[in-house]
Number of protein chains: 2
Amino acid sequence: MNMDDLDLKILKLLQENARYSYREIAKELGIAVGTVYNRIKKLEDEGVIRGFCVDVDYEKLGFGLTAVIGIKARGKDIVRIEKEISKSSRIMQVYDVTGEYDIIVVAKFRDRADMNKFVKWLLSLEGVEKTNTSVVMDIVKEKFAIPLLTEE
Amino acid sequence: MNMDDLDLKILKLLQENARYSYREIAKELGIAVGTVYNRIKKLEDEGVIRGFCVDVDYEKLGFGLTAVIGIKARGKDIVRIEKEISKSSRIMQVYDVTGEYDIIVVAKFRDRADMNKFVKWLLSLEGVEKTNTSVVMDIVKEKFAIPLLTEE
DNA sequence: CTTGAAAAAGCGTTAGC
DNA sequence: GCTAACGCTTTTTCAAG
């Protein structure tokens, strides 16, 4: 990947607000509109930019309960279970991990009943041995952002 | 929150691609451009839409290592530790949780050395009693999307 | 209150440098 | 990397539902 400083500056601005116009970005960075256009297009073509998304308030949408669920499963069933779980629209992240658990899931639920139903369903899946649910009391930070390349 | 069906349809489209033009959305839904504009503006003003973000490929940006870290800490130090951790641009999520750990963190690192340095730093913080790192081997799903309101 | 047509201001995209 | 230009898009206004 040959990303330079300009690409990064553009990404940073887009991350701040993906709806900034090319002209606004150009003005901010003191470069031409066409250049911004070409750079963003290149970043999309290369797959560095995968897409543009909305950042919504889940609480206001009625999904105010977040949980992190660790799952221990039978080796040969793990991939199938992961795929199964991923289908649910309440599931934000599914990670295949090493360590105490085999799968870690981050999910958003309407309420405890909604969460409970999901966990019970999880436990009913063939190969799931054990689950451990950590209910989120406070979302201190929740944003996929581009890390600084120069951080200690 | 008085969200109706139209608001949800608009949100769904924006979630698919936040750069859809109002015109495209209007055409897709068979309504006027002005209506789409007004609805999105309302959703932003109400805070349902918090912003628009870029979805980037962290691997291509050089942050191919994801980890989920559980932290056990002394009660009175938890909030301070959470704030401290949140400052790092490598940290995507910081959750204050109930259960086995007090804090759960999702982070992106350059490599194992980068991760190790972070975990060592974590352990050096006043009040941190124990950490448990699950290294992500495969990202099966990783997207904050709007849950279907009608899911079993 | 919400809707949507129309007009003005602003924007994406292209081609050539 | 820049400029210029065309056609399309956003945003405002405003009259009607």
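What rotation and what shift along its axis superpose chain B on chain A? In this predicted model, the rotation is 180° and the shift is 0.0 Å, with an RMSD of 0.1 Å. That is the relation of a two-fold axis.

**Symmetry and interface**
- Two copies of a chain are related by a rotation about an axis and a shift along it.
- Among the residues of chain B, B:Cys53 comes closest to the rotation axis, its C-alpha lying at 2.5 Å.
- The copies meet through the same surface, because 100% of the interface residues of chain B are also interface residues in chain A.

**A:Cys53**
- Strand β1 of chain A, residues 49–56, holds A:Cys53.
- With a relative accessible area of 11%, A:Cys53 counts as buried, because the cut-off for buried is under 20%.
- Leaving out residues up to four places away in sequence, A:Cys53 touches B:Ala18, B:Gly51, B:Phe52, B:Cys53 and B:Asp55.
- Twelve residues along the chain from A:Cys53 is A:Leu65, and the C-alpha atoms of the two are separated by 21 Å.

**B:Asp57**
- In chain B, the loop between β1 (49–56) and β2 (65–73) contains B:Asp57.
- B:Asp57 is buried but has no salt bridge.
- The nearest side chain of opposite charge to B:Asp57 is B:Lys60, 4.0 Å away.
- Apart from neighbours within four places in sequence, B:Asp57 is in contact with A:Gly47, A:Val48 and A:Arg50.

**DNA strand C**
- From chain A, the residues around DNA strand C are A:Ser21, A:Tyr22, A:Arg23, A:Val33 and A:Tyr37.
- From chain B, they are B:Ala32, B:Thr35, B:Asn38 and B:Arg39.
- Sugar or phosphate accounts for 71% of the atoms of DNA strand C within 4 Å of the protein, and bases account for the rest.
- Phosphate oxygens of DNA strand C lie 3.3 Å from a polar side-chain atom of A:Ser21, 2.9 Å from one of A:Tyr37 and 2.8 Å from one of B:Arg39.
- The elements giving two or more residues to the surface near DNA strand C are α2 (22–29) and α3 (33–46) of chain A, together with α3 (33–46) of chain B.
- The largest share of that surface, three residues, comes from α3(B).

**DNA strand D**
- From chain A, the residues around DNA strand D are A:Leu6, A:Ile31, A:Ala32, A:Thr35 and A:Arg39.
- From chain B, they are B:Ser21, B:Tyr22, B:Arg23, B:Val33 and B:Tyr37.
- Of the atoms of DNA strand D within 4 Å of the protein, 81% are in sugar or phosphate and the rest are in bases.
- An N or O atom in the side chain of A:Thr35 is 2.5 Å from a phosphate oxygen of DNA strand D.
- Backbone N or O atoms also approach phosphate oxygens of DNA strand D: one of B:Tyr22 at 3.0 Å and one of B:Arg23 at 3.1 Å.
- At least two residues of the surface near DNA strand D come from each of α3 of chain A, α2 (22–29) of chain B and α3 of chain B.

Conventions:
Residues are numbered from 1 along each chain as its sequence is written. Chains are lettered from A and ligands numbered from 1 in the order in which they are written. This is a predicted model: local features need pLDDT of at least 70, side-chain atom pairs count only at pLDDT 80 or more; totals for chains, interfaces and linings use all residues. Side-chain values use heavy atoms; hydrogens and water are left out. Helices (H or I, at least four residues) and strands (E, at least two) are DSSP runs, numbered from the N terminus. Buried means under 20% relative accessible area, exposed over 50%, partly exposed in between (1.4 Å probe, protein chains only). Lys and Arg count as positive and Asp and Glu as negative; His and the chain ends are not counted. Contact means heavy atoms within 4.5 Å. Copies are superposed by least squares on the C-alpha atoms of residues with pLDDT of at least 70 in both. A residue is near a molecule or strand if one of its heavy atoms lies within 4 Å of it. A polar contact is a pair of N or O atoms within 3.5 Å; within protein, one must be able to donate a hydrogen and the other to accept it, and residues adjacent in sequence count only if both atoms are side-chain atoms.
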